[in-house]
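Please look over the sequence and the structure shown below, and keep both at hand while reading. The briefing that follows goes through them topic by topic.

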Amino acid sequence: MVPDIETFMKFAFHQTKLALDSLEVPVGCVIVGEGNNIVASGRNRTTESRNATRHAEMKGIDVLLDLWRETGFSKTQVAEKFSNCILYVTCKPCIMCVAALSMLSIKQVYYGRANDKFGGCGSILSLHFGDHSKRGFKCQEGIIVSEAVSLLRAFYEQGNPNAHRSHRPPSQLV
Amino acid sequence: MNNSSEGINKVVVASAAEEEQQCRIIYIPDKPPVPPHLQPTVNVHAAVIEPKHANTLVRKLNQIAPLEKLRHVKRVRKKSQDGGKNELSVILCLASESDSELDGAPNDVLELVKQYQLSTFVAKVCRYAASTKEEWDEQCKFWPTSYHPPTYNISGITGFSKEDTKSVFGFMKYAVDLARSCSNLVVNAAVIVDPSTKQVISSACDQDLSRTGCKFKTNMETNCFKHEPFTPTSTSESENHQTLFASHVSNLKGLHICVSCLHPWGWTEQQLPESSISWHPLRHAAMVAIEHSAARDRLLYPDSGHSGAEMIEEGYLVPSSTGLPSKRQKINFTQDGNDENLDWKTNALQSDSAKPYLCTGYDIYLVWEPCTMCAMALVHQRVKRIFYALPNPNAGALGSVHRLQGERSLNHHYAVFRVLLPEEMVKDETLVSIISNNYQIKT
């Protein structure tokens, strides 16, 4: 049986739960390569790394690059392999990740719905369609929406204890 | 001999003096610059009114036809007439661009017009709030508006003091020297600075080709522990920089230009001048500098059982498999690990004041304008100000191709500045050719 979109998205959600357990913003992803195999996974690590660019997608990309470089693939081969990959991510990728995915010429992206509270997460520049259409990739949103939103909501209600005071809800500043 | 060496000295002194004159920092605003007299306008219906009716009419109009998207426009215009009398006009509502008739106006507005027997006319008002005094002066020729200089309080937007200018220029030179120090490549360089202490927090070059390119402060220790405040202001140092700088530029010929942000999609075509096994297409200078500053943060303010060495080796932390969430919170916020009885909230107050939150309050100096990925990464990392020396016509996200600083929907905003290098450098034919020829705009 060929795994479908929903199955891969469930694997991405598994990463989300791992992130939540580590008090990270719950975002997870998997990258599926040729032959419908999951070749990499990633989850948000911004809190533990204190590096706000360590999004799930960036981790997934790093895992793949390390793997392929160690295998001894050339840059051209790596680019070719990326162009056959599909990313499944639980939250709409931010501008940084969309730009990175575009540089790597990824084939397609499936994502859960954007969440208003996830500030900065929205491809407002339409990088994947607009003026860089040559480097664009297909994007489809709205996969397993309810689960994505409720997990994020759970996280923000509990509050991000590692956020700076000015970024915390007032209830936590007692 | 004496004469000629004196001559050289004079040249150096002269160029240092010139440099001070030529050093300019330009604020790159949130929206594309428009000549003040060409600002976009919209049509509104207006009417001359009796001064005694002004209060009542304005109150009613604000209720029935509020100017939601024109908050900068004043509702009432006062024109002095001959003989010292004032003529008052009021904006009734928005008008369509084509139709000058009042038919499309809300019924309540039409009723007011009838009740007060107003004779209406169409006026033009400026669509956007003025961002400079010059724009404001032009706007008021159409219809008066209000002018508020930028509300977010980032120093430099309204100008730099002489001392701050020197400091900014010094750090930019530091970045340029760093960019030129990477063997025979010309790469982008990033320097993250705490402007309150004038301390370099971290620095990095592009590492998309190789992680071992730079000779200049490559190892993590120097990146993390530059506790000595960097003082770019002394005259002798400034002269040294100038000389170094000029020789660097004249040496640019025959070099490989490998600035990641200029050519983000070209990583597969980039010919490696030396064999390298650790290339990574996303390791642009700004991304690596952010990574180094995060590593410094973890090292100086550790919050878990990991040792600094482990962290550096890993690049980023492996999640702690032990410890429940509640336990971790305590570890995070208790300065003394034995003090587990203390309320973590109280401790959070103390540790927060010393511990940096990402790059809040920091500046970053980049030789080239960053691409979209790097510009958004700097939003995520909460950088306060970005200074770049050279625009990036291929992929620049801070004014050249995109203007990320103008995206109001983002959750953080930084101020962007361009630092103009001394004229003799920009005029250098090699540097010009790098900018114009080697990186033609690719569509």
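Two strands are said to pair if DSSP finds at least two bridges between them. Helices (H or I, at least four residues) and strands (E, at least two) are themselves DSSP runs, numbered from the N terminus. This is a predicted model, in which local features need pLDDT of at least 70 and side-chain atom pairs count only at pLDDT 80 or more, while totals for chains, interfaces and linings use all residues. Residues are numbered from 1 along each chain as its sequence is written, and chains are lettered from A and ligands numbered from 1 in the order in which they are written.

**The two chains in outline**

- Chain A has a secondary structure of 6 helices and 5 strands, which follow the pattern α-β-β-α-α-α-β-α-β-β-α along the sequence.
- In chain B, the secondary structure comes to 14 helices and 12 strands.
- A residue is buried if 20 or more other C-beta atoms lie within 10 Å of its own, exposed if 12 or fewer, and partly exposed in between, with C-beta atoms placed from the backbone; by this rule 45% of the 174 residues of chain A count as buried, and buried residues make up 35% of the 443 residues in chain B.
- Two residues are in contact if their C-beta atoms, placed from the backbone, lie within 7 Å; among the contacts in chain A with a separation of 6 or more, 60% come from residues 24 or more positions apart, and the corresponding share in chain B is 70%.

- Helix 1 of chain A (residues 5-21) has 17 residues and reaches 25 Å from its first C-alpha to its last, which is close to the 24 Å expected at 1.5 Å a residue, where the expected span is 1.5 Å times one less than the number of residues.
- The buried residues of this helix are A:Phe8, A:Met9, A:Ala12, A:Phe13, A:Gln15, A:Thr16, A:Ala19 and A:Leu20. They cover an arc of only 155° around the axis, which puts them on the same side of helix 1 of chain A; the arc is that of the directions from the helix axis to the C-beta atoms.
- A:Leu23 lies in the loop between helix 1 and strand 1 of chain A, and it has a positive phi of about 60° although it is not a glycine.
- With 19 other C-beta atoms within 10 Å, A:Leu23 is partly exposed.

- Of the 5 residues of strand 1 of chain A (residues 28-32), 5 are buried, so the strand is largely enclosed by the rest of the structure.
- A:Gly28, A:Val30 and A:Val32 point one way from this strand, whereas A:Cys29 and A:Ile31 point the other way.
- Strand 1 of chain A pairs in the antiparallel sense with strand 2 of chain A (residues 38-43) over 5 bridges, and A:Gly28 has A:Arg43 as its bridge partner there.
- The hairpin of these two strands has 5 residues between the strands, and in it A:Gly35 takes a positive phi near 80°.
- Strand 1 of chain A also pairs in the antiparallel sense with strand 3 of chain A (residues 86-89), over 4 bridges, and A:Val30 has A:Tyr88 as its bridge partner there.

**A sheet in chain B**

- Strands of a sheet pair through backbone hydrogen bonds, either parallel or antiparallel.
- In chain B, 4 strands form an open sheet in the order 3-4-2-5, with antiparallel pairing.
- Strand 3 (76-80) and strand 5 (120-126) of chain B stand at the edges, each with a single partner strand, so one side of each is left without a neighbour in the sheet.
- Strand 2 (residues 41-49) of chain B runs antiparallel to strand 5 of chain B and is joined to it by 7 bridges, and the bridge partner of B:Val44 in strand 5 is B:Ala123.

**Nonpolar cores**

- A nonpolar core is a set of buried Ala, Val, Leu, Ile, Met, Phe, Trp, Tyr and Cys residues joined through C-beta atoms within 7 Å. The largest one has 110 residues, and those with the most contacts inside it are A:Ala100, B:Ala175, B:Ala190, B:Val191, B:Ala286, B:Ile364 and B:Leu366.
- Helix 5 of chain B (residues 162-180) gives the most to this core, with 9 residues.
- A second, separate core of 19 residues includes B:Ala46, B:Ala47, B:Cys93 and B:Cys126.
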